[in-house]
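Dear colleague,

Please find below the structure that I am handing over to you. My notes on it follow directly after.

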Amino acid sequence: MRAQEQGSGGCSEDLNIQRPHANHKKMGEQPCANAEVDPCPFEITEPTVLHKGEWLITRRVNWKQLKSGKTGTWEIAARPLRATKAEVQGVDIIATLSRGGKKYFVLVKQFRIPVNAWCLEFPAGLIDPNETVEESAIRELNEETGFVASRVLGRTRGSQPLDPGLTDDSVQFVMVEIDGDAPENANPKQKLDEAESIDVILVECDKLLSYLREHESKYQIEAMLYTFAIGHAMSQSAVFPTLNGVPKSC
């Protein structure tokens, strides 16, 4: 709540509401990641590690809501931190491939052990030490699909959380183009790890959403990919897409 300040046309905080300064931090309390933008509504303690594995850590934190005084606990899944040049641990690649006058989105069908199922996804992976986000995207695209990127169009900034109610895992998105008619992409060869089982799928740009809907009963579709496909269709048709309202152009 804001109250107008007497003697001026400005506004000031209601003095009955005490909000912590952006740098406010009590003993054992974690600072809010973006407190300089919006004050943190919680006090959160340093986490207690419940489990630490090679690729996964689970933690528990205690929280207190500043406004109501209510308290509770939250359990969090996290990746062990890796030293990288990037702000995030992973990268997702939105790649288009041009071949024979047609344009395709490059997807992967990957068997995911946690869900015990084949999933349709964007190519993606973890950023290696000393890699930039763009370098990681080019490498991961080549390893998972065999394709060599022709051009990096751009990337997102900041941190895009994957499932912020469960984990602090986050990525950035990199958009790339692939010349499918180039000699280096004539016979692409994947470079997969032993724990990876990945098939490459090319979907014409104007058929992405319809392709996912045709296959949603066969495979699990990564939420980011499905969200992208719906947004892509909406941007083309200016209406919420239906089974018969698939966009006509890429």
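The second largest pocket is lined by 33 residues, and those nearest its centre are Ala33, Ile76, Pro164, Thr167 and Asp168. A pocket here is found on a 1 Å grid over the protein atoms alone, as an open set of points where a 1.4 Å probe fits, with protein on both sides within 12 Å along at least five of seven lines; lining residues have an atom within 4 Å of a point. Two or more lining residues come from each of β4 (42-45), β6 (57-65) and β7 (71-78), and β6 gives the largest share, three residues. Helices (H or I, at least four residues) and strands (E, at least two) are DSSP runs, numbered from the N terminus. Domain 1 (42-78) and domain 2 (90-236) each supply at least three residues to this lining; the domain bounds come from an automatic or database assignment.

By class, the lining of the second largest pocket holds 17 nonpolar, nine polar and seven charged residues. Ala, Val, Leu, Ile, Met, Phe, Trp, Tyr, Cys and Pro count as nonpolar, Asp, Glu, Lys and Arg as charged, and the others, Gly among them, as polar. The space in this pocket is about 1,300 Å³, a volume being that filled by probe spheres set on the grid points, which are joined across faces, edges and corners.

Please note that this is a predicted model, in which local features need pLDDT of at least 70 and side-chain atom pairs pLDDT 80 or more, while totals for chains, interfaces and linings use all residues. Residues are numbered from 1 along each chain as its sequence is written, and side-chain values use heavy atoms, without hydrogens and water.

The largest pocket contains about 1,600 Å³ of space. Among its 40 lining residues, Arg79, Arg112, Pro114, Glu121 and Asp169 lie nearest the centre. Its lining comprises 19 nonpolar, seven polar and 14 charged residues. The largest pocket lies between domain 1 and domain 2, because both give residues to its lining.

Turning to the chain, its secondary structure comes to three helices and 16 strands.

Helix α1 (residues 133-145) has 13 residues. Its buried residues include Val133, Ala137, Leu141 and Thr145. The buried residues of α1 pack against several strands, among them β8 (90-99), β9 (102-112) and β14 (170-179). Just after α1, Gly146 takes a positive phi of about 85°.

Yours sincerely

Terms used
Expected span 1.5 Å × (residues − 1). Buried < 20%, exposed > 50% of the residue type's maximum accessible area, 1.4 Å probe, protein only. Contact = heavy atoms within 4.5 Å.
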